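Open the model in your viewer and keep the selection tool at hand. The tour goes from one selection to the next and says what is found at each stop.

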Amino acid sequence: PASPSNKERKIMSNQLYLLLIGIFVLITLNKSVHVSAQKYISLGKQKHRHDDMQQMEQPLSAIQIHKTVLALTKSASIHAVGPRILGSEGEDFEWVTINLRNANPTDEDWVGVFSPAKFNESICPPVTIDEQQFGAPFLCTAPLKFKYANYQNANYTKTGRTSLKFRLINQRGDFSFAFFSGGVSNPKLIGVSNFVAFANPKAPLYPRLALGKSWDIMTVTWTSGYNIDEAVPFVEWGWKGQEQKRSPAGTLTFHRNSMCGTPARSVGWRDPGFIHTSFLKDLWPNMVYTYKLGHMLNNGSIVWSKQYSFKSAPFPGQESLQRIVIFGDMGKQERDGSNEYANYQPGSLMTTDTLIKDLDNIDAVFLIGDLPYANGYISQWDQFTAQVEPITSRVPFMIASGNHERTWENSGSFYTGIDSGGECGVPAETLYYVPAENRAKFWYAADYGMFHFCIGDTEHDWREGSEQYKFIEQCFASANRHKQPWLIFAAHRVLGYSSNDWYAKEGSFEEPMGREHLQKLWQKYKVDMAFFGHVHNYERVCPIYQNQCVNKETSHYSGVVNGTIHVVVGGGGSNLNRFTTINTTWSVFKDYDYGFVKLTAFDQSSLLFEYKKSKDGKVYDSFTISRDYKDVLACVHDGCEPTTLAS
């Protein structure tokens with residue numbers, strides 16, 4: 001007989017794959033599979049102190065994937081419509097339509113997106129005594145995302161037929177779609193689709209710009225599927241329209257055993273690929289540069305990304321229009337409506353899209369902790385980097401560490417808890433560059449023109465005498481207030497003031513021990529503003545000195561401000577938190593909505609503060625500061641510099 005075609009061989013391979021699944025599960029199901037759920041999945045219940053516990057679960061944590069039972073049947077089918085090869089023209093995402101048929105439909109039927117496509121072949125965690133006795137679970141890897149079959153089709157349970165659309169991003173692997181009945185608590189696998197894949201699943205993608213350790217360095221970090229034994233990573237860059245140069249890149253990754261606990265070490269694990277960082281040095285100030293990511297293969301050919309551009313930072317102290325956006329707790333949100341369980345981060349795309357629309361008027365972005373809320377589901381970091389790529393590829397995107405990046409018990413975290421889902425900071429510090437001396441300790445300084453930023457890490461000890469406390473003081477002291485008059489502190493948890501409900505119930509209106517230790521530094525070095533996230537709302541506090549409002553003005557501060565203005569700006573996208581009903585006299589403005597702050601420095605004497613809502617980009621709170629250099633130097637209360645009568 002004639003040799004089978006490539007298409008026929010593919011069909012035969014898939015049929016054999018499904019047959020092997022059936023044989024494996026029939027053997028497994030002859031044993032009583034009662035493996036403890038705790039061995040494979042964390043339900044994602046975080047140790048939060050607010051009432052919205054049910055909304056703080058990672059959507060994927062609802063899926064009890066380890067309980068999956070194979071129930072393939074001819075009465076149900078699932079098929080991916082359209083081309084098998086995605087991104088044939090270089091796209092890094094594609095919409096894929098899935099057709100479903102089920103003779104016995106229910107409202108609990110759902111579809112999961114898996115990658116790699118042969119999702120039962122994932123390496124399970126080490127064998128336990130329970131597994132030796134009862135057998136390992138059939139599946140031990142969570143899907144990338146999921147939808148219920150009746151999503152936007154109320155007639156599904158009547159007709160047993162429907163279509164779903166998924167937006168896939170290039171994630172270094174092929175994809176398949178699995179059809180389940182039994183809900184997410186007791187899933188039964190009733191169908192598996194054909195496979196689809198991107199033309200080059202290893203392509204360099206999702207560049208993230210960040211400020212370097214000096215003003216004339218821009219760093220570029222990106223993700224690919226190429227290790228250093230396959231290709232040499234580099235960036236080709238230069239002035240727009242001029243001759244380009246090449247700079248090498250370093251390569252990092254991390255592994256399952258880098259994670260501190262479940263689900264990151266178990267059902268949430270997915271290979272993160274390879275993370276490359278290049279340092280573009282000796283930049284001229286205020287220049288537009290273009291850049292491309294490249295990988296030179298062993299045969300000498302080069303795999304290129306598309307071309308991007310950025311504007312280099314101004315010289316420290318340079319007077320020009322400089323615009324900085326600050327917010328926290330962004331999260332990620334699927335444009336195709338996936339992961340609708342718990343409505344986890346309903347404002348994330350609003351914030352993303354509003355910033356993209358105004359990106360020509362933004363010079364740098366600071367996201368101060370709680371980025372994707374992956375909570376141990378590593379695939380979600382890819383989803384997040386893809387979501388914010390239109391921002392991070394054009395302007396410096398500086399991050400801080402939050403509890404959902406770092407906190408894990410017995411891992412060196414300042415707080416006990418399981419908020420990171422076992423990540424213990426590893427994905428954040430690997431996927432995003434910050435100019436810290438030790439990226440595992442997320443405190444650092446950054447300069448942008450007339451701004452000097454001191455970024456704290458609330459997930460490590462900040463108290464007086466600690467390593468971080470010494471850094472914070474050194475960072476404040478190093479600011480040349482003549483050249484960089486605008487001194488900004490930012491960190492994730494609220495170390496200053498908040499009218500949030502749970503802080504009020506504790507009676508602290510802050511993270512315990514926060515301002516008790518840091519307020520003396522804010523006062524001594526005349527810090528202009530302190531920004532915090534963690535609390536998912538917006539609040540502006542009056543200028544504070546020794547726990548007292550020291551300036552009655554609310555819309556315009558002129559001359560000596562006398563204190564530090566504290567701002568909670570945690571409404572980047574995750575579900576909102578309530579305010580207390582207690583009248584906090586130091587609170588100037590509160591907003592229970594999604595939004596961000598924009599700082600605009602016009603010169604060394606004039607600054608505009610704006611709070612904008614994500615839903616429309618309009619200003620809902622603002623103030624201005626006008627002052628001279630002598631006002632920055634002025635003696636404030638008991639914070640005066642020592643003097644002598646000697647001439």
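This is a predicted model: local features need pLDDT of at least 70, side-chain atom pairs count only at pLDDT 80 or more; totals for chains, interfaces and linings use all residues.

Residues are numbered from 1 along each chain as its sequence is written, and side-chain values use heavy atoms, with hydrogens and water left out.

**Stop 1: Cys-260 and Cys-424**

Begin with the cysteines: the structure holds three disulfides, a disulfide being a pair of cysteine sulfur atoms within 2.5 Å. Select Cys-260 and Cys-424, whose sulfur atoms are 2.2 Å apart in one of these links. The link of Cys-260 and Cys-424 is right-handed, with 85° about the S-S bond. Cys-260 sits in the loop between strand E14 (245-252) and strand E15 (274-280), and Cys-424 in the loop between helix H6 (403-406) and helix H7 (426-431), so the pair ties together parts that are 164 residues apart in sequence. Helices (H or I, at least four residues) and strands (E, at least two) are DSSP runs, numbered from the N terminus.

Colour by accessibility next. Buried means under 20% relative accessible area, exposed over 50%, and partly exposed in between, with a 1.4 Å probe and protein chains only. Cys-260 is partly exposed at 35%, whereas Cys-424 is buried at 8%.

**Stop 2: Cys-454 and Cys-475**

Move to Cys-454 and Cys-475, a disulfide with sulfur atoms 2.1 Å apart. The torsion about the S-S bond of Cys-454 and Cys-475 is about -95°, so this disulfide is left-handed. Cys-454 is in strand E23 (residues 451-455) and Cys-475 in helix H8 (residues 467-477), and the pair links distant parts of the chain, 21 residues apart. Cys-454 is buried, with a relative accessible area of 1%, and Cys-475 is buried, also with 1%.

**Stop 3: Cys-542 and Cys-549**

Select Cys-542 and Cys-549, a disulfide whose sulfur atoms are 1.9 Å apart. The link of Cys-542 and Cys-549 is left-handed, with -75° about the S-S bond. Cys-542 is buried at 4% relative accessible area, while Cys-549 is partly exposed at 38%.

**Stop 4: Val-81**

Finish at Val-81, in strand E2 (residues 76-81). Val-81 is partly exposed, with a relative accessible area of 38%. Which residues does Val-81 touch, not counting residues up to four places away in sequence? They are Val-96, Thr-97 and Asn-99, where contact means heavy atoms within 4.5 Å. For a distance check, pick the C-alpha atoms of Val-81 and Ile-98: they are 6.0 Å apart in space, and the residues are 17 apart in sequence.
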